[in-house]
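This briefing is about how parts of a protein chain meet one another. Please keep the structure open while reading.

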Amino acid sequence: MTEELEQILLQLTEPDNAVIQQATAKLKEAFKDPASIPALCSVMSGSQNPQVRQSAAVMLRMRVKKHWKKISPNDRESLKTVVLQAFMQETEHLVQHSICQLCAVMVKHETPDRWPALLQLLNESTKSSNPQDRQVGLLLLNKVMDSNPEPFKPYYCQLLQLLGTVLQDHENPTALYYCILTLTAITAYTGTEEMNQMRSIIPSLIVALKQLIQADQNQASEAMEVFDELMESEVSIIVPHVTDIVTFFLEVGSDTTLSDSLRVKALSCIAFLIKLKSKTVIKQKLLNPILQAVFPVLTAAPPPGEQDPEDEEDDGGDGTDNENPKHCAAQIIDTMALHIGPEKLFQQLMPLTQACLVSEDPYQRKGAIMCLAVLAEGCADHIRTKMLSSVLQTVCQSLSDSSRVVRSAGLFALGQFSEHLQPEVSKYCAELMPLLLGYLSSLNDAKVGHVTKAFYAIENFMENLGADIEPYLPTLMETMLSALNNADNLKIKELAVSAIGAIANAAKELLVPYFPPVIESLKGFLTTTTEEMRSLQTQSLDTLSVLARTIGKDVFSPLGAECVQLGLNLTNTTDDPDLRRCTYGLYSAVSTSCPDCLVPHLFAITTVMLLALKSTEGITAHFEEDKTFVLLDDDDDDECDGDDFLEDQRETDVPDVSGFSVENAYIDEKEDACDALGEIAFNTGVAFQPFLESIFQQVYEMRDFPHEDVRRAAFGAMGQFCRAQHKVWQENPTEANHEALLKLLEVVLPCFVETVRTEPERQVVMSVLESMNGVIESCKGEVFRNPSHLKEISYVIRDVLKKKIACQDGGGDDADDEDQQAEFDGMLQEFAGEGIPLVASAVPADSFAPFLNDLLPLIMGKTKSTGTVAERSFSLGTIGEILQALVTSPGGQGLAGRLSNRLLPVLVAGVRDSDPEVRNNSVFGLGCLAQAAGPIVVTDYPMMLSVFSNMLSKESDARVIDNLCGALCRMILSNVEAVPLEQVVPALAARLPLKEDMEENKTVFSCLALKHNMARIFSHCVSLSSTETQNAAVLLMKQFAQNHCAEFQAAVRSLPAEQQAKLSAAVTAS
């Protein structure tokens, strides 16, 4: 049979499809004979043709992978012997490679202790004095370890000794390559006993990589993934060597003689290290060396005659080209902004930036502007509060720079500022809008790539303007509608459609006059069937979704049913993940304005989205080798019985996959499907019930999806499903609906808590905390029906505030680190802190008291004057909201009273803060303390009134003044007898009605609505002497008469006749 098989395998190498198909059929037939395994072994060992030997090794691997348990024990033993003999005598690298892969598959079935000959061969070959033998031995070791590293754990100490020795073998770069790949394979499985050994070989690893770079840059780039693995699975191994590692990365990243892919790899490693261990980077004083090395990369001019990828005319402006060192340099600064405290970062960064801004070289100027742009997200508070005017001036100057690359960078920076520096940046509307409108006026003359960047800036700026967009609306809409009707370039039309969506987000109902022509244009784009119009079509769907949310229900509702039908028609006729994703957004938007339009189609809509979540489309498996023999990989032995078949099914699930990649469009589709399902479930209520269980199950499975955006969306949807079920139960309070809610909460809340503790991505944790807060706010006491939930939620909030969860860099909790916290780390703690008042309002005060006692010191610690404005504002605001929650919580008065001695000094100190937001939150907190603690703090009223009186005489911030009014009303509500109305009412009346914080109107009117207060307050109001104060008081009375007519009339009747007449006359006067 050996000769027959050799002939067949030889035919498979022929360049003739007919011959190959015939040979394949013969091979399938031959494989039915058990003797085929020994025969393949003979061919692999004895054929004179290297291609045939390789084919025999590949065939054997396929048979072993699928049918190991069918091979007799004797054949297995002889196979193990023959394979190793073939390996030792083989001289052709490709054949050696295939035999190594065969061994790797066998090791999955035969653990190392059942194959001692393999261990012996590995030991001898890797220690051989012959460099070639060592190289081949290390290839075998790499394939075997990569295939199944865990069973080798007992040998790791010996293995690390060996690898440490091989790393010294600088004359044999291929051996170094396989050695480092093996180290990468075992890193995730090493335990504490191997840590010291791993640490000790890091210096040799760096030297070996330097040697490998000189020999083969592609191999070096792949080998450098060892650092990714070390950082991801056991970062403590590299911490002692972090300075040497960073120095090495910087040398590689800065060396322009090396390939871009190798430099990108090195620079990406630096970004990843900063993300994981920013405190170590600071402590080892590496921030400045990194910036000094990275800045020249960021500001380098491209080679003569070339442009940076983002400046090329055909660049779509979506930043998808990540594979260049300049992009990675910007990414490092972006990562620093997200993970390092702004004070430290700006101290080192601004001198470099300022020097480049005044350079003659346009690429230096461009680099400096790009640097400012990428700082905006991570250091938003710092820029907004300390340097917004100067950086905006710099960016505005760049928009009129003589170099187009600088102007483009300026547009990108302005777009970033508009997105991240709100609301302050919108206050510069008068200066910025004329500049931006100037870009729009030359739409047809400019290059499309530059126009794309201009639209990016314009959209982001306009989107946040709100009603302030009104003066610019005619010009904007005239430009956009003209572009839709006249532009020849489809990209310009697409940009205009997108911009209309941004305008709608700001203008809302102000856009109604332009709605008919906009819809007319969109209909033309939406019904197109040509491929070149696809991008315009998907953008039109996105903009239609924005209009559904913003233009007003009355205007949009008549189109609701048509929109749903349009979406269904598109998904039925076009197989495009981007298009489907946009239809999900449209359904979701329609559910906010006319949910009834969706109800008849929920089955069809949810079916498409479920399929998107389940789909593996767009996921590509990367195989170890080309599937040359794919014809044979569907091996179907008809004669096998059911048991064998099932057994085979288990065995076949061992593909030789080296990794997966997923196309972005399919990731976006899954993310948007989760977001849409959550919102649709909430808005359609009871109609969604038949689909909830199956959809919840599928979304729940997405919580472990590899891509963080899909995980984030899944957790958001799970929270929405809980809120949706709670709403259904409230509207239909049946036992079944209640049981369904409790069952859902019992799955979702433990999942949220566990994810907050273990999820490595900070953004996902923020989303989970936000989702959990939404569930607590909506479902209140139902969340805590299970008593363990109160403990678990309180403890996880505590651990976030203590920086003890997986996504927080817990290294170095020294006191001097307090000022180093990155803004996003602070934001994460804010999301956790926002849960405290929500819990306080959902459970009896005495149940929450022990947990609140643990949490309060962590919040109060952030009120210190040494903290940032954001920390002080958050902590004092949280204290105020906790006290506000205790106002209505059973037993809240007693708890507020017990806390008053701790909280009062903190809040009083806060009202003296230099920042208006901090003062505002402190005043709010004092008012809530008076209201919550009631008579218990009445002895503190004189001091509080004195503080407020002093503030009123000096305060200029309208929002703080509104909150002072609210706080005084809270004191009156709580204990009118303790407030000197003859002094307080004139002061109040002079500052009413409220100017900015309209939320406090509830408090003011609640205060006035109490009958015994009204008569006394009104009597003070009508006797006010100052005309201006009297006018303000009259305006307040008018507002109150409109909102609380019956109470107003009752109060008026209780006044003396003269005052009744006076007040009635004042209120009825125009």
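What follows covers a pair of helices and then a set of salt bridges. The model is predicted.

**Two helices side by side**

- Helix α27 spans residues 490-507 and helix α29 spans residues 534-550; their axes come within 9 Å and cross at roughly 15°.
- Angles under 35 degrees count as roughly parallel, and therefore α27 and α29 are described as roughly parallel to each other.
- The crossing in which α27 passes α29 is left-handed.
- On the α27 side, the residues in contact are Leu 490, Lys 493, Glu 494, Val 497, Ser 498, Ile 500, Gly 501, Ala 504 and Asn 505.
- On the α29 side, they are Ser 535, Leu 536, Gln 539, Ser 540, Thr 543, Val 546, Leu 547 and Thr 550.
- Sorted by class, this contact has seven nonpolar, eight polar and two charged residues.

**Salt bridge between Arg 757 and Asp 799**

- Arg 757 and Asp 799 form a salt bridge in which the closest N and O atoms are 2.5 Å apart.
- Arg 757 belongs to helix α38 (residues 735-758) and Asp 799 to helix α40 (residues 787-801), so this pair ties together parts that are 42 residues apart in sequence.
- Arg 757 has a relative accessible area of 26% and is partly exposed.
- Asp 799 has 10% relative accessibility and counts as buried, because buried means under 20% relative accessible area.

**Salt bridge between Asp 846 and Arg 898**

- The side chains of Asp 846 and Arg 898 form a salt bridge, at 3.7 Å from N to O.
- Asp 846 is in helix α43 (residues 845-860) and Arg 898 is in helix α45 (residues 892-910), so the bridge ties together parts that are 52 residues apart in sequence.
- Asp 846 and Arg 898 are both exposed.

**Salt bridge between Asp 913 and Arg 872**

- A salt bridge joins the side chains of Asp 913 and Arg 872, with an N to O distance of 2.7 Å.
- Asp 913 sits in the loop between α45 and α46 (916-933), and Arg 872 sits in helix α44 (residues 869-888), so the pair ties together parts that are 41 residues apart in sequence.
- Both Asp 913 and Arg 872 are buried.

**A network**

- Salt bridges also link Asp 308, Glu 310, Asp 311, Lys 326 and Lys 366 in a network.

Methods:
Residues are numbered from 1 along each chain as its sequence is written. This is a predicted model: local features need pLDDT of at least 70, side-chain atom pairs count only at pLDDT 80 or more; totals for chains, interfaces and linings use all residues. Side-chain values use heavy atoms; hydrogens and water are left out. Axes are lines fitted to C-alpha atoms, for helices over the stretch in contact, and angles run from 0 to 180 degrees between N-to-C directions. Helices (H or I, at least four residues) and strands (E, at least two) are DSSP runs, numbered from the N terminus. Angles under 35 degrees count as roughly parallel, over 145 as roughly antiparallel, 65 to 115 as roughly perpendicular and the rest as oblique. A crossing is left-handed if the near helix is turned anticlockwise from the far one by less than a right angle, and right-handed if clockwise. Contact means heavy atoms within 4.5 Å. Ala, Val, Leu, Ile, Met, Phe, Trp, Tyr, Cys and Pro count as nonpolar, Asp, Glu, Lys and Arg as charged, and the others, Gly among them, as polar. A salt bridge is a side-chain nitrogen of Lys or Arg within 4 Å of a carboxyl oxygen of Asp or Glu. Buried means under 20% relative accessible area, exposed over 50%, partly exposed in between (1.4 Å probe, protein chains only).
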